[in-house]
Amino acid sequence: MSLAARQLEERGIATVILGSAKDIVEYCGVPRFLFTDFPLGNPCGRPYDRDSQRRIMSGALGLLQEAKGPGTTVQTPDIWADGAAW
């Protein structure tokens, strides 16, 4: 998705990537990235947790409007579970 976002941006279409693999996504050079420190495959929130999903989507839309320049990364405050283990 990161490489597709770069291609869309080159054609004038703004993008935001939501993801969990921060090092990989930033290495690809996406313009706007909303990082969630969640297990891979769950960048939009915990399953069936509509409140966290809404917060994450709201954060992505806010990032689309407010990013000051290319390479902007914002981390959500959400946590997957208490403790370091998922």
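Are F33 and F35 buried or exposed? F33 is buried, and F35 is buried too. The legends below refer to a predicted model.

**View 1. The largest nonpolar core.** Six residues make up this core: A5, I17, V25, V30, F33 and F35. In soluble globular proteins, nonpolar side chains tend to be buried together.

**View 2. Surroundings of I17.** I17 belongs to the largest nonpolar core. With neighbours within four places in sequence left aside, the contacts of I17 are M1, S2, A5, V25, V30, R32, F33 and L34. Among these, A5, V25, V30 and F33 are also listed in the largest core.

**View 3. The second core.** A separate core of 5 residues is found in the model. Its members include F38, I56, A60 and L63.

**View 4. The pair F33 and F35.** The structure has 2 aromatic pairs. One of them joins F33 and F35 in a tilted arrangement, with 6.1 Å from centre to centre and 55° between the planes. Both F33 and F35 are buried.

**View 5. The pair F38 and W80.** The rings of F38 and W80 form an edge-to-face aromatic pair. Their centres are 5.2 Å apart, and the angle between the planes is 65°. F38 lies in the loop between β2 (32–35) and α3 (50–66), and W80 lies in the segment after β3 (72–75), so the pair ties together parts that are 42 residues apart in sequence. F38 has a relative accessible area of 1%, so F38 counts as buried.

**View 6. K22 and the ring of F35.** K22 lies over the face of F35. The distance from K22 to the ring centre is 5.5 Å.

Conventions. Residues numbered from 1 in each chain as written. Predicted model: local features only at pLDDT ≥ 70, side-chain atom pairs only at ≥ 80, totals over all residues. Heavy atoms only, no water. Core = buried A, V, L, I, M, F, W, Y, C linked by side-chain atoms within 4.5 Å. Buried < 20%, exposed > 50% of the residue type's maximum accessible area, 1.4 Å probe, protein only. Contact = heavy atoms within 4.5 Å. Phe/Tyr/Trp six-rings, centres within 6.5 Å; stacked < 30°, edge-to-face > 60°. Helix = DSSP H or I, 4+ residues; strand = E, 2+ residues; numbered from the N terminus. Lys NZ or Arg CZ within 6 Å of the ring centre and 35° of its normal.
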